[in-house]
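Open the model in your viewer and keep the selection panel at hand. Each stop below gives a selection and what to look for there.

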Amino acid sequence: TVEFEVQDTDKGRQVSIIHSLDVASESNDVSEENEEFGVPDVAGVEMVPARVKWFDKSKGFGFANVYQSGEDIFLHMEILRHFGFSDLQAGEAIVLQVVDGPRGKMAGAVHSWDNIA
């Protein structure tokens, strides 16, 4: 639970002051931990070939395109870390399991190109 104040900026509303922060108790359930960090369940989700459009490690996100589709797929740093990546390069071939995220299509899993069958 977080208590905070917001302010309006050119980029929208942003937190200006945090008054309190209460962290939930730890859980031994791995699936709950993964959901907390935004790692979705991708069991049964098709693996599709994709190419990195761009990725900025300092920002913690980027985008990729699935082959034969112009739709951008959101890549989040936490998902990359979960699957053993520390960075991606523009043009790099990867394999994704794409899920619906809060703002559109996102990578629920990222695999090396060698994983495609």
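Select Phe4: this residue lies in strand E1. Strands (E, at least two residues) are DSSP runs, numbered from the N terminus. This is a predicted model, where local features need pLDDT of at least 70 and side-chain atom pairs pLDDT 80 or more, while totals for chains, interfaces and linings use all residues. Residues are numbered from 1 along each chain as its sequence is written, and side-chain values use heavy atoms, without hydrogens or water.

Phe4 counts as partly exposed because its relative accessibility is 43%; the class runs between buried (under 20%) and exposed (over 50%), with a 1.4 Å probe and protein chains only.

With Phe4 they make a nonpolar surface patch of about 540 Å².

Next, show E1 and E2 together. They pair antiparallel over eight bridges; pairing takes at least two DSSP bridges. A hairpin of two residues links E1 to E2. Find Thr9: it stands opposite Gly12 in E2.

Last stop: His111, in strand E7 (residues 104-112). Buried or exposed? His111 is buried, because its relative accessibility is 14%. Its side chain makes a polar contact of 2.9 Å with that of Gln97; such a contact is an N or O pair within 3.5 Å, one able to donate a hydrogen and the other to accept it, with sequence-adjacent residues counted only if both atoms are side-chain atoms.

Key
Helices (H or I, at least four residues) and strands (E, at least two) are DSSP runs, numbered from the N terminus. Patches are made of residues with over 30% relative accessible area and no salt bridge: like charges are joined within 9 Å, nonpolar side chains (Val, Leu, Ile, Met, Phe, Trp, Tyr) within 5 Å. Accessible areas come from the Shrake-Rupley method with a 1.4 Å probe; for residues, only the protein chains shown count as cover. A salt bridge is a side-chain nitrogen of Lys or Arg within 4 Å of a carboxyl oxygen of Asp or Glu.
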